[in-house]
Amino acid sequence: MVTKKLSYRFTLPLIFVAFIVSIFGVSCSHTQRQSKILSDAERIAYDYPDSALSMLDLIEPSELSADSLKARYYLIKASIHDTQGHLRLSDSLIRYSADYYRDKDLNRAVRSAALSALYDYWVIGDRNAILQLDSLANMTNLPDSLAIFPLRKRAYWGTKLFDEDGNRPVIKRLISIDRDSASQELYKYWLYIDYLFEGRNDSSLIILNELIDEAVSSKSSTKQFSYEYEKMGALEELGHYDECLELADKFLEKAPGNSIEHYIHLWKSLALFNRGDRARAINELGKADSCAASISEAEKGYYNSFAYVLNTVFDFGKTGRLRLFPIAKINNQQKDNLFRTQYLQQESEQNALISENRRLSLKAKSERQTAAIIIIILVELLITGLSLWYALNRRRKSIEAEEQAEALSKMVEELKTPASPAVGQDSLRRTMLQQLGIIKMVAETPTEQNREMLRKISSIDSDTKGALVNWGNVFEIIDNLYSGFYTSLHDCYGNVLSDKEEQIIVLMLAGFSTKEISVITSQTTATIYVRKSSVRKKLGVPEKEDIVAFLRQSATV
């Protein structure tokens, strides 16, 4: 019965504890899932950017509660976009990653700072971003392995900007510290481009021949073709027209109808013109124009930007007039294409931002609705829990009242029984029952049941006249019957036991049950059990041993 009552008392707290633990467990599980996705996406971001981006789509950025997860998410997404070709307007939060990792993770700090500089250059157009990359790569005590990333970005954009003087030392440093074979090939190609546009054709041709030899050694026909095509331009710039024409004829013979045949004829036309063979040059340019008729409009615009120059020169030789309209035409087409591309890109970015804002708005609305539902559920749980607690508490009190009434009824019936000569414990019980002040205890709760009890008690002779228990008399009786038990108990443990605990021990000695003791002392049965446990602990009584028997066997009591 006591176990059942105690379970009532702890039911409500257990409900809330279980609810909180379940919420915490779901939150931890969600965070672990997000961290796992980010780890997998970061591992493949540069090798398989599309797959990594698909992984990130599984995460809702607004649900990232930890700063570390947010910084990692923005870094991975910017890294993916960088690998795909360029950063986007939505990558502005890469600055958040750079600030977060500055003093926490050197590797991620360098990468995010480099991507932040590239964002400033690509999206904002700030050319100082190149200087930021230089500063980043030249940080004090920065390991070479970490300097490679910003150096590569600096070298790539330096090549695009034809910054030969500032870019060449960067490329040479990359060649010295990054020994990856594929990277070495890329760095040599960048170096070739720098030498070529600076006009150092001999140096550019030496590097290009090295790249061709490496492609032949590795049996990469695609790379060999690409580098030999580049060589035509280098030979043309050096004035080696016969070698340029020989290489062009080799391409046309081995791969007729290839995708760049119009450019090969164009190079032949330029080489023939510079060699003085104007008629053949015009003929080759006609072949180039014929081949270019089938290419895309976008590619045709790029081709015409070169072909129109030769056409203008040929027209000048024929008519003696220099006409800019053909060149202006192609330039205007190129400018229109550029503006159209920029407009489409900006429109795409704006649409992406609008969609993102709409998604966030819907997400916020959904979160508010979810929060409202959670609050309603919590309120309902609270009301249900309080109702359950109230019902269980009333039930517990009702059970205790019934048990006390039952115990009281038994004691009253015992008093009503005619007295008979008795000694020892039976005499003690009857004497104590006559002194316990039962009338007053019953009268304090004037229920119909207790009024009936009062009528029964009124016929019993008692010398207490309704007074509370006279514990002094009770303790004196105990001493007389049990050879000074109470006095010995109080002398030995009076400084350890409370008055209530001494009273309980005395009543136990007198043979009263736990229910009867609860009635006599006006305490609940649960409280009596708790006090008994306290007595066991204070006196060192073993769990399964009777407390009174233990004390009576003790040498001191």
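## Helices and the main pocket

Helices here are DSSP runs of H or I with at least four residues, numbered from the N terminus. A pocket is an open set of points on a 1 Å grid over the protein atoms alone, where a 1.4 Å probe fits, with protein on both sides within 12 Å along at least five of seven lines; lining residues have an atom within 4 Å of a point. This is a predicted model, in which local features need pLDDT of at least 70 and side-chain atom pairs count only at pLDDT 80 or more, while totals for chains, interfaces and linings use all residues. Residues are numbered from 1 along each chain as its sequence is written, and side-chain values use heavy atoms, leaving out hydrogens and water.

Let's look at the lining. Helix 9 (181-198), helix 11 (221-238), helix 13 (261-275) and helix 15 (297-319) each give at least two residues to the lining of the largest pocket. That lining has 26 residues, with Tyr229, Glu230, Trp267, Tyr302 and Phe306 nearest the pocket centre.

## Aromatic pairs

Tyr187 and Trp190 make a tilted pair, because their ring centres are 5.9 Å apart and their planes meet at 45°. Both Tyr187 and Trp190 are buried (under 20% relative accessible area, 1.4 Å probe, protein chains only).

Tyr189 and Tyr192 are also a tilted pair, at 5.8 Å centre to centre and 45° between the planes. These two tyrosines, Tyr189 and Tyr192, sit three residues apart in helix 9.

Technical notes
Rings of Phe, Tyr and Trp (its six-membered ring) pair if their centres lie within 6.5 Å; planes under 30 degrees apart count as stacked, over 60 as edge-to-face and the rest as tilted. Buried means under 20% relative accessible area, exposed over 50%, partly exposed in between (1.4 Å probe, protein chains only).
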